[in-house]
Protein chains: 2
Amino acid sequence: MARRGDTIELAVLGLLHEGPMHGYELRKRLNLMLGWGRVLSYGSLYPALKKMLRANLITEVADTTTPVTRRPRITYEVTEAGNDHFQRLMSEVGPTAWEDDNFDIRFAFFSSTDMEIRLRVLEGRRSRLQERLARVQGELERTQAEVNRYAAELQRHGVESVEREVRWLSELIRAERDDESATPSTTQAATQPAAPRATTND
Amino acid sequence: MARRGDTIELAVLGLLHEGPMHGYELRKRLNLMLGWGRVLSYGSLYPALKKMLRANLITEVADTTTPVTRRPRITYEVTEAGNDHFQRLMSEVGPTAWEDDNFDIRFAFFSSTDMEIRLRVLEGRRSRLQERLARVQGELERTQAEVNRYAAELQRHGVESVEREVRWLSELIRAERDDESATPSTTQAATQPAAPRATTND
DNA sequence: GTTAGCATGTAAGGAGTTACATGATTTT
DNA sequence: AAAATCATGTAACTCCTTACATGCTAAC
């Protein structure tokens, strides 16, 4: 079962899916990808890579591209076992998958899974957010008469943000569904289907 | 200097500012307040309270409201030292204050500080977000030609969200400034000045 | 009668950050 | 010549979560 700490593992496997890479580059790509909020440090990346090596999820590969003079870089590649593990992690549904960071990682690597999984993750995330929304709004009604203007404004802004997020997810879900009906026989199809890009103004 | 872990301390002091409370209630209020994302567990709240007791930031007070039959609740109150500490933490500017969680807590307790601090925090937060935006957009231009549709969409959505956040902050800063000019002599004034509530559609 | 909520705590462990250590190379 | 960036790693430490422990009360 996916524990919280599998986040780095999933991220590394997802990135290596696009081709071999060395640690430093992995960190850079990852921080760009999830640059909002927490940033990954070497202190957690390198040990994680070592652990994954031991677990046979990745292997070191001869680095052909190092410009000779440079410090030799350690380039990693996914193994078959690594790919299996990646697919397993991606298709795991349940609490851990809906949380902010975990969702983002999964979403970023959606291209490497199939639509069935994508829809499950998107829908799961959406209902999770809707639950939160309902809970907070319920409690606000009971606790109402909030004296604190600023706390109230923070609440309001929070609710608004989550509502936006829900609309975004709904757009994406709709797009995925349209894809389905638009692709009659092509199973793995990479025929540039309707981009998930939501309209700029809503 | 404010370390990351002072978040709970700040939150507790801020809430007790509104009146005495016991642990269970503190947790509930806090989770409602920052319910988006991580939730505070007893495992961190109670030890933190003990620590604050030892540091003389709070004191136990006789609980008059427990309905006799009930398990006696331990009600806490801020000390003078606690209030000093609270004001010091609130007025501390610098990296820690601009990060997501820390900012939210500070914002929620804005009523307990003065406008000078509020403006500094709001502006600090805004420039922090603008920096991030600039960095990410710069790196996107260089790294462009992103093959991955989904990763690109995540980026787009992230940028859009941060841009919204910046507009929200600008609204709030404007509102604070308007307040300033609207209150000529009243220094601590609680004269219900222009609510920080932003217009629903922008 | 049993689930949910009130109420307070402790112990162990996980995940990741900070700081340290090292050194080459590219840009300013 | 200095500063930034490339590049890899380790050790200590912090903070927090999870799981356990306990027991009462209100609601269904």
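A residue is termed buried under 20% relative accessible area, exposed over 50%, and partly exposed in between (1.4 Å probe, protein chains only). By this criterion B:Phe107 is buried, because its relative accessibility is 0%. B:Phe110, with a relative accessible area of 1%, is buried as well.

The model is predicted: local features need pLDDT of at least 70, side-chain atom pairs count only at pLDDT 80 or more, and totals for chains, interfaces and linings use all residues. Residues are numbered from 1 along each chain as its sequence is written, chains are lettered from A and ligands numbered from 1 in the order in which they are written, and side-chain values use heavy atoms, with hydrogens and water left out.

Rings of Phe, Tyr and Trp (its six-membered ring) were paired if their centres lie within 6.5 Å; planes under 30 degrees apart count as stacked, over 60 as edge-to-face and the rest as tilted. Over all chains, 16 aromatic pairs are present. One of them is the edge-to-face pair of A:Tyr150 and B:Phe107, with 5.6 Å centre to centre and 90° between the planes. This pair joins two chains, because A:Tyr150 lies in helix H8 (residues 149–182) of chain A and B:Phe107 in helix H6 (residues 100–108) of chain B. Helices (H or I, at least four residues) are DSSP runs, numbered from the N terminus. Both A:Tyr150 and B:Phe107 are buried. B:Phe107 also pairs with B:Phe110; the centres are 5.1 Å apart and the planes at 50°, so this pair is tilted.

A cluster linked by ring pairs consists of A:Phe103, A:Phe107, A:Phe110, A:Trp168 and B:Tyr150.
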